[in-house]
Structures are given as C-alpha cells and as structure tokens.
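Please look over the sequence and the structure below.

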Amino acid sequence: MGSAITGPHASGAIGGPQAWTRETLAPGAWMVPLSRAGLAEIDAIARALQAAPRPWHRLDPAAFALTACIRAMGEVRERLVNGIGLAVLDRIPVERYGLDENRAIGWLLAGALGQVVAQKWDGTRLYDVKDAGRPLGYGVRRSVTNLGQPFHTDGPWLSRPPRFVGLFCLQAAPEGGMSRFASLVTAHDELVRRQPRALDRLFLSFRWDRQAEHGPEEPKFSTHPVFARDGQGLVARYYDDYIAHGARLAGETVDPEGAEALAAMQAIVEDPGSWVEFRVEPGQFQYLDNRRFAHCRTAFRDAPDAGVQRHMLRFWNRDEGGTHLEGQGPA
C-alpha cells in the first residue's frame, strides 16, 4: 500500500454496506451484545488475575476459556470487514474490576480480534486515552488532551496503518466527548459523482507529519496518498492537520490542486448527513475499520473530582507485518 494510482474514478463508485450515510444507517446497527456466557468468561478472567496477578502484556487469549468472547469478537470482525465497518461490543462490567483487571480484559479481547501492534515508536501497545494536562504541540497528540479531534484515521503517516482501532471505555466524561464516525467509502463515491478530478489528486502523494514517532535520524514526514488500493480494495488515510504539518516539515506548501481536493473531501466528511454520533459508555468496546472510516471526538470536560476522569484504552490491530509501529518486526 502507499503506491499512487491515477484515474480511480473510471472504475466508478464502490457502493456496498460500507458506503453508508446517517440516513441509511439504522440506529444501533453497530451494537454487538456480549452474551451471559461471555460475561461469565470475563468474570473468570478477573478472578484468575486477582488470585494470581500477571502483567497484561504477557497474557495470551489461548490460555483462557474464551469461547463466547471469541465468538463475539468474531462478530465484531465480521461487521468491520464485511459490514458497516463499525462495531461496539456491549458491554463489560468494568465497574466490578480494578484497572489492572480491565487492562487485561481489554488486551485479551483485542488479541481475540487479531494481532495487537505498537502505537508508538517505543513499542507501546496499550495506549491510555485521557487528558494528561499537556498543551497540544509537536509530538503531543490530541488524544492526550481534552480538545476536540477533527475527523481522521489513526496512524496515517505509517507505511502500514492499523487495520482496526479499538477504544475500551473505562470512564466517560460527564460533559462532551461524543464519538462521530464517517465512511470514507462514501466520501470516495461522492467524489466520483461530484469532483472526479479532485479524487484523482487524492490518489497522488501528500506529505504527512510523523508525529515524532520515528528514529532520531529519520525524516519528520512521510509520503503517501489519501486514497490507494490494495488486494482488499480501497485504503484511505485521512487527517488534514497532519498533511498541512507534513508539508511544512518538508519545507513545502500543499499544492493548489491538493488543497482543493482536500477541501472537497472535508466538505463531504464533515457534512452532518455523512456521520453518526453516539457516546461510548463505560464497559463498551468500540472498534472501527481504520482504513475505510474516519472518526472524531468532541471536546470534553472531566468531573471536578480528580478521581473521575474520562479514560479509554486504545488498541491497534493489524494482521500483516510484525508488531513494530511500522510493521517491520517485533516491537
């Protein structure tokens, strides 16, 4: 992936279940209930870890009796790959367990979906999404602030972005923090109809800010198109800010055709008719297909009590390559 392909609109719109809009997507179509058997398996994991604590990153789903949970995560994967590209496992009683048990539960469920890969250059594979009180700046992602995030895909600067992105909610914010999702398949198809020349430009390269997630001697930017095709179909990367920053890091500006194409895509993605919105509640495990769908978050405010803070555990899954951030080998 990452190779530029021209003339994409000649093949026409993609269509299918992933080319949805707010109007065509039934409310709650993303929900995957966790069965009583699955809840019993989760309780058994927590009891086992309370009796014999072990580091979460050394746990293997194959070492536990997780028949119902694996079945549920199989349904999650089916909806991501062949369905609407969005699934929410509902729900795990996180309030019963401590942070260590919840980390382990999230890790095991994510592992049941597929290979869990690094999200940072240092090999971090379980990433805490909460307000760290740090100002936004180079190398400080919006995910560790309480600021709103624009529509984006995770890791768009990578040679192998994560295929799936999961957020396991331990605590929701009392105010704000709504999740929104938009189909980039829909955006592609709308551009086929409205502005095919803009779509052609999106299949050509842009510079991307690498977010300081690279070796000290490596370039601060990478080069990839917004849209490409691989053996599985359309692949999308999306984050306007990272393209603008990437161009500056390369000592360039985004070319006029590129800027026009990005604006055309943004107008479609940010149209309220293109996205759905809901609050991810404590105990829900949200997953999306990160190569065909964009997500964003509204700004939030934590409770005055410092002990009550919006907290998600984020996981990246990718089947190809190793677990290293760039996929070359073990992290």
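**Cysteines and helices**

The sulfur of Cys 169 has its closest cysteine sulfur in Cys 296, 16 Å away, which is too far for a bond. The model is a predicted one, in which local features need pLDDT of at least 70 and side-chain atom pairs count only at pLDDT 80 or more, while totals for chains, interfaces and linings use all residues. Residues are numbered from 1 along each chain as its sequence is written, and side-chain values use heavy atoms, with hydrogens and water left out.

A disulfide is a covalent bond between the sulfur atoms of two cysteines. Here it is taken as a pair of cysteine sulfur atoms within 2.5 Å, and by this rule the count is zero. Cys 169 is buried, at a relative accessible area of 0%; buried means under 20% relative accessible area, exposed over 50% and partly exposed in between, with a 1.4 Å probe and protein chains only. Cys 296 also counts as buried, at 8% relative accessibility.

Helices are DSSP runs of H or I with at least four residues, numbered from the N terminus. Helix 3 covers residues 99-113, and its 15 residues reach 21 Å from first C-alpha to last, close to the 21 Å expected at 1.5 Å a residue. The expected span is 1.5 Å times one less than the number of residues. Helix 3 is mostly covered, with 11 of its 15 residues buried; among them are Arg 103, Trp 107 and Leu 113. Gly 114 follows helix 3 and has a positive phi, near 160°.

Helix 7 consists of 14 residues, 256-269, and should span 20 Å at 1.5 Å a residue; its end C-alpha atoms are 20 Å apart, which agrees. Its buried residues are Gly 258, Ala 261, Leu 262, Ala 264, Met 265, Ile 268 and Val 269. Seen down the helix axis, these buried residues fall within an arc of 160°, so they line one face of helix 7. The arc is that of the directions from the helix axis to the C-beta atoms. An α-helix has 3.6 residues a turn, so residues three or four places apart point the same way. Pro 256, Glu 260 and Ala 267 are exposed, on the face of helix 7 turned away from its buried side.

Which helix holds Leu 202? Leu 202 lies in helix 5, residues 196-202, and is buried, with a relative accessible area of 0%. Leaving out residues up to four places away in sequence, Leu 202 touches Leu 191, Pro 225, Val 226, Phe 227, Ala 261, Leu 262 and Met 265, where contact means heavy atoms within 4.5 Å.

Conventions: Helices (H or I, at least four residues) and strands (E, at least two) are DSSP runs, numbered from the N terminus.
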